[in-house]
Amino acid sequence: MRYVSTRGTAPVLGFADVLLEGLAVDGGLYLPEAWPALDVADLAGLSYPELATRVMAPFVGGPGGIDLDTFADLVTEAYRTFRVDEVIPVGPLVDDVWLVDLTQGPTWAFKDVALQVVGRLFDHVLAARGDRRTIVGATSGDTGAAAIAGCRGLDSLDVFILHPHGRVSEVQRRLMTTAPDANVHNLAVEGTFDDCQDLVKALFADVEVRARLRLSAVNSINWARLMAQMPYYVWASARIGAHSEGLPLSFAVPTGNFGNVFSGYGAARLGLPLDRLVVASNRNDVLYRFLQSGVMEAHEVDPTMSPSMDIQVSSNFERLLFEIYDRNAAIVSECMAELRGTGRFKVDAEHLARIRARFDGARVDEAATVATIGEVHDRTGRWIDPHTAVGVRAALDRGIGVGPVAALATAAPAKFPELYRRHFGVEIEPPEGSDPELLTRSERVTVVPADYDAVRNVIVAAARPTR
């Protein structure tokens with residue numbers, strides 16, 4: 001398997017190099033040169049690690065890739081860190097809505113599903129090459145903790161995570177800042193997640209810094225993240241069994257940076273028969289507005305109770321543009337340049353129709369989010385987190401009788417205990433087996449302005465020399 005950039009001028013790379021590079025040198029995002037075909041029926045009866053290995057295997061092979069036996073061992077080891085043997089429980093929730101529980105990993109969020117694999121892939125490839133890298137990533141709440149959990153303590157990596165200062169929950173923050181490992185560094189940026197994301201992109205665009213620190217990315221700009229999320233769409237489809245009964249299955253995906261829902265699109269490109277992908281947004285509704293109008297236009301970020309979705313620049317949408325425009329990198333580059341220059345771009349009616357053929361949009365406000373949490377608890381006795389509630393509300397609003405909808409549970413409610421105290425008067429207990437000292441252990445974090453020079457200087461001063 002070889003990979004091409006959405007901007008069209010970066011070198012074509014194999015999997016290991018795409019893993020280490022993250023962002024293409026032309027500023028684009030990598031995608032496979034061609035989508036492999038997947039025989040879904042051939043995956044019946046497999047455990048989750050076995051199924052995930054089979055789904056991902058075509059993407060990691062080829063010259064400079066990873067042999068299948070080694071890859072299978074890495075995937076199996078990654079999912080031993082999850083709290084349940086099933087790895088990803090799937091079951092009915094209410095009406096025609098099923099819940100795909102992606103929260104059983106070490107940091108209680110769906111990002112663990114990919115990053116427990118990606119951290120091991122980094123370590124394997126770097127060890128084989130006798131190399132070291134500096135990881136930089138931006139997080140709106142969950143990616144940072146999952147990246148740290150996947151990479152902490154590894155001599156081959158230094159990890160720098162940028163999060164928006166004061167805009168993540170205390171638990172989300174502490175899952176990052178209490179890691180004692182010397183290779184972990186947290187930067188609290190005085191700005192929004194979009195500011196953090198722009199700073200990370202600027203670091204990669206700085207040729208001198210990128211070469212000096214040998215930068216790599218664990219954000220969903222890294223293809224390996226999206227690759228490792230595709231299997232759970234296949235897993236959920238098999239567990240729900242909708243297609244064996246001739247029923248169309250859709251997925252409702254709480255969405256910020258568009259990486260998770262694009263993984264669903266990738267699963268469909270492999271051959272998974274699914275109906276709709278519902279892009280569920282909170283009041284930061286840039287994607288919902290785009291699906292209505294064809295205009296991608298960023299507004300100011302409005303902080304909400306679902307902070308991981310408080311995003312106005314959805315980086316992975318570039319990958320969908322590349323596919324919808326039949327891989328015309330020049331058009332993608334024009335759109336991205338227009339977005340940078342004017343804050344907006346427009347997709348013509350024909351190509352918007354192509355997007356709408358697979359994607360629906362939903363917008364869920366704060367009141368509806370709280371109401372959905374309460375409704376699900378009243379009907380099932382189960383608490384769901386606010387991000388998951390956005391997806392469940394979007395799924396319920398599709399109506400009964402149009403086929404089942406799998407809503408992705410993307411975080412554990414214990415990451416947002418203050419919400420449940422305020423709205424429901426209850427204390428949400430951390431997942432069984434969680435760190436009992438999480439809320440008392442000392443934190444290590446550096447507060448920095450949303451300024452490129454300031455961030456670069458902190459990282460350059462703290463990073464260990466690469467080999």
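Predicted model: local features only at pLDDT ≥ 70, side-chain atom pairs only at ≥ 80, totals over all residues.
Helices here are DSSP runs (H or I, at least four residues), numbered from the N terminus, as are strands (E, at least two). Residues are numbered from 1 along each chain as its sequence is written, and side-chain values use heavy atoms, with hydrogens and water left out.

- Helix α16 takes in residues 366–380, 15 residues, and reaches 21 Å from first C-alpha to last. That's close to the 21 Å expected at 1.5 Å a residue, where the expected span is 1.5 Å times one less than the number of residues.
- At its N-terminal end, D365 caps α16, with a side-chain oxygen 3.3 Å from the backbone nitrogen of A367 (a polar contact is a pair of N or O atoms within 3.5 Å; within protein, one must be able to donate a hydrogen and the other to accept it, and residues adjacent in sequence count only if both atoms are side-chain atoms).
- After α16 comes G381, with a positive phi near 80°.
- Buried residues of α16 are E366, T369, V370, T372, I373, G374 and V376 (buried means under 20% relative accessible area, exposed over 50%, partly exposed in between, with a 1.4 Å probe and protein chains only).
- Their cover includes β4 (90–94), α17 (386–396) and α18 (417–424).
- Eleven of the eleven residues of α17 are buried, so α17 is largely enclosed by the rest of the structure.

**Closed spaces**
- There are five cavities of 30 Å³ or more. On a 1 Å grid over the protein atoms alone, a cavity is a set of points where a 1.4 Å probe fits but cannot get out; a pocket is an open set with protein on both sides within 12 Å along at least five of seven lines, and lining residues have an atom within 4 Å of a point.
- The largest cavity holds about 270 Å³ of space, and F110, K111, G256, N257 and S308 lie nearest its centre among 25 lining residues.
- The second largest cavity holds about 60 Å³, with S140, P164, R167, T192, F193, V301, P307 and D310 as its lining.

**The largest pocket**
- Its volume is about 790 Å³, meaning the space filled by probe spheres set on grid points joined across faces, edges and corners.
- Of its 33 lining residues, R7, D198, K201, V313 and R340 lie nearest the centre.
- Helix α7 supplies the largest share of that lining, seven residues.

Conventions. Contact = heavy atoms within 4.5 Å.
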